[in-house]
Amino acid sequence: MKTFSGKVLFLDRSDINTDEIIPAKYLTEHTKIALQPYLLEDLKLQGFDPRVHLKDKQVIITRSNFGCGSSREHAAWALEVNGIHCVISESFARIFKQNMYNCGLMAVELESKTIAAVFEQFSTQETCIQTDFEHQRFIIQSNTDQVRVPFCLTDFQKALIKSGGWVDYADATY
């Protein structure tokens, strides 16, 4: 199973689309690793520089409708090869969310008031998340604060995560 804990990248914007996650001009690449340097290259967010802000991050917390746009798997792959195995948002585009689970990654939806409170309390500080997968809760902490936030996954989502994604799940199950 992948690691779903680590340093947090806060992206304070809704409607981050798959073209911003991985620009379409890189979709001709033949390996996932070839996508690595281009993650969030076209993201429009004031003051954001992916070469600086992505360094050592393993979790993204963002606003609503993350992964909207096209249904390409490349967006989830680009996150995965950059070590980002968990995205927490108010909501996800349906196909993007399934692509995350198909890759054995976590796409966790939290209520907008919870996301807003986490942004208010932590977004200006270096923040880490520990994911307690079995008890379905995040432990979010900075140097000065700590909160526990419950989340829900379906049994099928948990099975996909534990298996490492859809292909490994299917191989083991069918």
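I listed the neighbours of Ile115, leaving out residues up to four places away in sequence: Ile115 touches Ile61, Thr62, Arg63, Ile88, Ser89, Glu90 and Leu110 (contact means heavy atoms within 4.5 Å). The model is predicted: local features need pLDDT of at least 70, side-chain atom pairs count only at pLDDT 80 or more, and totals for chains, interfaces and linings use all residues. Residues are numbered from 1 along each chain as its sequence is written, and side-chain values use heavy atoms, with hydrogens and water left out.

I placed Ile115 in helix H5, residues 112-122 (helices are DSSP runs of H or I, at least four residues, numbered from the N terminus). Ile115 counts as buried because its relative accessibility is 1% (buried means under 20% relative accessible area, with a 1.4 Å probe and protein chains only). From Ile115 to Ile88 I read 8.4 Å between C-alpha atoms, at 27 residues apart in sequence.

Next I looked up H3 (residues 74-81) against H4: the axes come within 8 Å and cross at roughly 45° (axes are lines fitted to C-alpha atoms over the stretch in contact, and angles run from 0 to 180 degrees between N-to-C directions). Ala75, Ala76 and Leu79 of H3 meet Phe96, Asn99 and Met100 of H4.

Last, I checked H4 (residues 94-102) with H6 (residues 155-163): they pack at about 45°, axes 8 Å apart. H4 is thus oblique to H6. Lys97, Gln98, Tyr101 and Asn102 of H4 make the contact with Gln157, Leu160 and Ile161 of H6.

Key:
Helices (H or I, at least four residues) and strands (E, at least two) are DSSP runs, numbered from the N terminus. Angles under 35 degrees count as roughly parallel, over 145 as roughly antiparallel, 65 to 115 as roughly perpendicular and the rest as oblique. Buried means under 20% relative accessible area, exposed over 50%, partly exposed in between (1.4 Å probe, protein chains only).
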